[in-house]
Amino acid sequence: MDALATLNYLSLRLTGNPMAYIIDAVPDSIGDRLQLVYCVGLNLPRSFGSGEYTELIKLPGREYPPRDEFGATVYPGASFDLALFLDDRLVHSPPVLGQVGFVTCSGQTTPFYVRQWVENGGALVAGTDKTLALEYALKGRLSVEQFAVWGDQFFTTYLAQSRQFLSWQPAEKWVDVAQPEWLYYLVNFTPKPTELRLRVEVVYSDGTSETLTLATTTGVTQYTVYSVAVGFAALGLASRETAEKWVHSYTVWIANEANARLSQARTYYVNRDYEANVLYLVYANSLGGFDTFRCTGQSSRQLTARGLTAQRALEPNYLPSTAELFSANRAADRSLTVATGLLDGDRLDAVSELVLAEEIYVVAKEGLVALLPVDTQLALQSDDEELAGRVLTYRYGKTEVGYSALPAPPVARARPTRWLPINTFCQVNENGVRTGYMGAASLELRYADDGSLVKPRKVKPNTPGTEGYTPPVLSAACAPTTTPYLNEFIEQLGTYLRSNCSPDQDARPATLTIAAGTYGAETVEQLQSRIDQALKEMDTQAYADLYGACLANPAGYTYSVPAGMFHYRGNLPTRLGIETSDFPWMGNAWTMQGRGAYCYATGTNDLDFPTAGFDASKWRLFTYGTAGRSARLRLYKNGTLYSDETFVFNSDGFGYHALFSGVSMASGDKLYVQLTDL
């Protein structure tokens, strides 16, 4: 098996779970709040691969009523859940029987950005119009309880550990030689591969094995789902068998252009035992992929007919064959009842997805035939069940109007048609920069001989892997330099401190940099949204541990202190807080929040304070740690130690200390606080 590639996974949102966006309340200086309207706008690309965004929906809302909290009036603002609108916009990509190789599932993911603002009596409230960072969404969902625990970490943490396909099926599975199987794979990591390869290790009955590359796709795009057929027949494994050697099992995984493994490995054991009753259900699973469920119990079909019964007058010379009552508009609802056969615990729990699936098909000679679930209740596995089965009932997705028993259809000799591209756009890469290629958003069906329109007019999305797909073509009108807006050089400090410095060193954040021209967009707002998302993805603890600094002499740090100010820095910002005990209020302790111009948010660092009227007796320091644990606190002024104490955190996990005993701070002075656990 190929060696595992080192990847950094990127985040997406699940449209089947809540996607909350909270707009902070406007200042309470606005006394009359009845005219306040909080708004969000959801913006999506014009089509797959397009850099042009349009507003899908604008939602107005009211702020939550203010509430009293310890004598203060709290304005909660307003919140919006956009999951429903994105989920309805995205579509599943059902597989097709006979599919070979990779197919792009362009409708299962989308980039989007949210704009939020507040209006007061129809006028924009200053400072409230914000375009949030560009995000990506996947049509999928987690269970209610597990989403509360995992949330967005599913993509960045769980997938990074499991490399899982978009499926909850077990990694080892028995399949028939005729059983169709597909795997859906999400690309949401860096470095992005230039190729996706379906690698297969085939194990034969004589104990030999071989590793093959059976499908390849290039032009891989970020945040895209790919479907690949992995059934015994789809992989052509029968052609590799002989009378003396047959396939015992095969293991599949996705690799990049260097054959470094990107995904988990899934093993299929080939079942050749005779089963009297076999039926395959193909369903959309909770993560947006499609799985196959093999049923081995007896199935039954039922037809429930209906129609119109009418009456007509009999003629005087009517015959015995003449009907006074007659039937018209006969049609029928068809239903299918399947028995799963005996299942063990894991496979029995997986039946839950059959009940929750939004799309489900039965494999028939005509292809995949749509079903609708009828059952609303499923008995889950009980404590004493080891092997058990369930019975499920479905209704066919089409009303039956007649009976026929035709063989395979002859080759059609209809007037030839072709799909022609319409609605062109400039294709962009995952950074929003034009690629030099022009694509088509849609396809229109026309006759091949004279180009005339097929009536009624038929238009469909120009989706890779579907009939008539027209790939982008080179166009000077879409050269990278024509991108309307490109970013300039960006450099800023991250929010994470390096965590692997020695205790006597000062951990500093890494500098986040983006080269000029890396990101592009069609509007200034879209460009800023992409930059915000890029910085968010870069700003991680792992990045800080690699590129953050460890200062050997932290107390002697260099900083340009403004005139008339002294500067504060601590080695553990989230565990340190300073405050004044009297007016003027200054500091970053929780007690100082919102009290004055020099009151900073808790956990902040590198702060400037005025020296005018400085009173050392008014300042004190809070330290936070583990109750009963010892710690050492050292205070430095301009790199010189002036206080060194060892103490024990109290029962609440706090420590209280004088900050400037016998020390005054003048313009340009630098204070350094170092807390070390013992």
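**Figure 1. Lining of the second largest cavity in the predicted model.** The residues that line this cavity are Ser167, Gln169, Lys173, Glu181, Trp182, Leu183, Arg266, Tyr268 and Asp291. Strand 15 and strand 21 (266-271) each contribute at least two residues to the lining. By class, the lining of the second largest cavity consists of 3 nonpolar, 2 polar and 4 charged residues. The volume of the second largest cavity is about 40 Å³.

**Figure 2. Lining of the largest cavity.**

**Figure 3. Surroundings of Asn188.** With a relative accessible area of 0%, Asn188 is buried. Apart from neighbours within four places in sequence, Asn188 contacts Asn8, Tyr9, Leu10, Leu12, Phe155, Leu159, Gln222 and Tyr223.

**Figure 4. Buried side of helix 3.** Helix 3 spans residues 153-162, and its residues Phe154, Phe155 and Leu159 are buried. These residues lie on the same side of helix 3 because they cover an arc of only 80° around the axis. The elements covering them include strand 1 (8-9), strand 2 (13-14), strand 13 (135-138), helix 2 (144-150) and strand 15 (182-187). After helix 3 comes Arg163, which has a positive phi near 55°.

Figure 5. Two or more lining residues come from each of strand 1, strand 13, helix 3, strand 36 (509-514), helix 6 (524-538) and helix 7. Helix 6 gives the largest share, with 6 residues. Divided by class, the lining of the second largest pocket has 17 nonpolar, 12 polar and 9 charged residues.

**Figure 6. Tyr547 in helix 7.** Helix 7 covers residues 541-547, and Tyr547 belongs to this helix. Tyr547 has a relative accessibility of 53% and therefore counts as exposed. Tyr547 and Val673 are 126 residues apart along the chain, and their C-alpha atoms are separated by 23 Å. Helix 7 is also among the elements that give two or more residues to the lining of the second largest pocket.

**Figure 7. Strand 30 and the strands paired with it.** Strand 30 runs over residues 434-447; 10 of its 14 residues are buried, so the strand is largely enclosed by the rest of the structure. Strand 29 (residues 417-428) runs antiparallel to strand 30 and is joined to it by 10 bridges. In this pairing, Trp419 is opposite Leu445 of strand 30. The two strands make a hairpin with 5 residues between them, and Gly432 in the turn has a positive phi of about 85°. Strand 30 is also antiparallel to strand 31 (residues 459-461), with 3 bridges, and Leu443 stands opposite Lys460 there. A further antiparallel pairing, of 2 bridges, links strand 30 to strand 32 (residues 473-474). Tyr437 is opposite Leu474 in that pairing.

**Figure 8. Strand 40 and its pairing with strand 42.** In strand 40 (residues 576-580), 5 of the 5 residues are buried. Cover is found on both faces of the strand: Leu576, Ile578 and Thr580 are buried on one side, and Gly577 and Glu579 on the other. Strand 40 pairs with strand 42 (residues 619-624) in the antiparallel sense over 5 bridges. Glu579 is placed opposite Arg620 of strand 42.

Terms used. Residues numbered from 1 in each chain as written. Predicted model: local features only at pLDDT ≥ 70, side-chain atom pairs only at ≥ 80, totals over all residues. Heavy atoms only, no water. Buried < 20%, exposed > 50% of the residue type's maximum accessible area, 1.4 Å probe, protein only. Helix = DSSP H or I, 4+ residues; strand = E, 2+ residues; numbered from the N terminus. Arc of directions from axis to C-beta. Contact = heavy atoms within 4.5 Å. 1 Å grid on protein atoms, 1.4 Å probe; cavity = no way out; pocket = protein on both sides within 12 Å on 5 of 7 lines; lining within 4 Å. Points joined across faces, edges and corners; volume = space filled by probe spheres on them. Nonpolar A, V, L, I, M, F, W, Y, C, P; charged D, E, K, R; others polar. Pairing = 2+ DSSP bridges.
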